[in-house]
Amino acid sequence: MVTATAVASAIVVWPRDAAHAPPPAAAAGSSAAVEVTTQSSPTVTDAWCESHVSAERVSGNGEGSIASAQDVILALEYAYYTYRDATAVRALLAPEGRFGTNAEIQAGIDAVPTDTAHCVEISPVDVDRWAVTITERWPDDSTVVHHQLISTVTRDARSFVLAVESA
């Protein structure tokens, strides 16, 4: 498992940690930034992840893009949960960001059960800084919720994820 390790500049290796253990074990000592429930979630055919775009909030589980900060955050999570590919994740990270190796990122991805659904909520905190909530719906209908602060940078008409911190 990859542990999120904050460094002096508050940039982390990758935000996935003990929350990827089976839900009962994760609840026993997980950080306040992760909530684990075993309540039944709506079935896959239900619209459990609302797509929404406003100045105050962006949510959904779509493919995203590199066109804006919110879109690159959506793209990052899509690469993580849908493509399940560290190389696709890496392409969305700013080169100067301090992230783990592709192998560490892939280990975090692999710790999440295949067919886990995700939903992302993004709200602005400051310029290029976002409060992000990611809800994972595991195949057994349990959920894991990650609260993060994500910093972004845009240059040459392309947005990148600069840092990810547990919130």
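Residues are classed here as buried when their relative accessible area is under 20%, as exposed when it is over 50%, and as partly exposed in between (1.4 Å probe, protein chains only). The structure is a predicted model, in which local features need pLDDT of at least 70 and side-chain atom pairs count only at pLDDT 80 or more, whereas totals for chains, interfaces and linings use all residues. Residues are numbered from 1 along each chain as its sequence is written, and side-chain values use heavy atoms, with hydrogens and water left out.

The mean pLDDT of the chain, where pLDDT is the predictor's confidence in each residue on a scale from 0 to 100, is 79, and 72% of the residues reach 70 or more. Over residues 1–45 pLDDT stays under 50, although the model has 103 contacts beyond four places in sequence for this segment, a contact being defined by heavy atoms within 4.5 Å. Helices (H or I, at least four residues) and strands (E, at least two) were taken as DSSP runs and numbered from the N terminus. On this basis the chain comprises four helices and seven strands, which run α-β-β-β-α-α-α-β-β-β-β from the N terminus on. Of the 167 residues in the chain, 43% are buried, and residues 24 or more positions apart account for 53% of the contacts with a separation of 6 or more.

In helix H4 (residues 102–110), the buried residues are Ile 105, Gln 106, Gly 108 and Ile 109. Viewed down the axis of H4, these residues fall within an arc of 155°, so they line one face of the helix; the arc is that of the directions from the helix axis to the C-beta atoms. Ala 103 and Asp 110, on the other side of H4, are exposed. The cover over the buried residues of H4 includes helix H2 (69–83) and helix H3 (86–90). For Gln 106, the contacts other than neighbours within four places in sequence are with Arg 84, Asp 85 and Ala 86, and the C-alpha atoms of Gln 106 and Asp 85, which are 21 residues apart along the chain, are separated by 6.6 Å.

A nonpolar core was defined as a set of buried Ala, Val, Leu, Ile, Met, Phe, Trp, Tyr and Cys residues joined through side-chain atoms within 4.5 Å. The largest such core has 26 residues, and those with the most contacts inside it are Ile 73, Val 89, Leu 93, Val 120, Ile 122, Val 132 and Val 161. At least two residues of this core are supplied by each of H2, H3, H4, S4, strand S5 (129–137) and strand S7 (158–166), with the largest share, nine residues, coming from H2. Beyond its neighbours within four places in sequence, Ile 73 is in contact with Val 120, Ile 122, Trp 130, Val 132, Ile 150 and Thr 152.

One disulfide was identified, under the criterion of a pair of cysteine sulfur atoms within 2.5 Å. This disulfide is formed by Cys 49 and Cys 119, whose sulfur atoms are 2.1 Å apart, and it links distant parts of the chain, with Cys 49 in the loop between strand S1 (34–37) and strand S2 (52–53) and Cys 119 in strand S4 (residues 117–126), 70 residues apart. The link of Cys 49 and Cys 119 is right-handed, with 85° about the S-S bond. Cys 49 is buried at a relative accessible area of 12%, as is Cys 119 at 11%.
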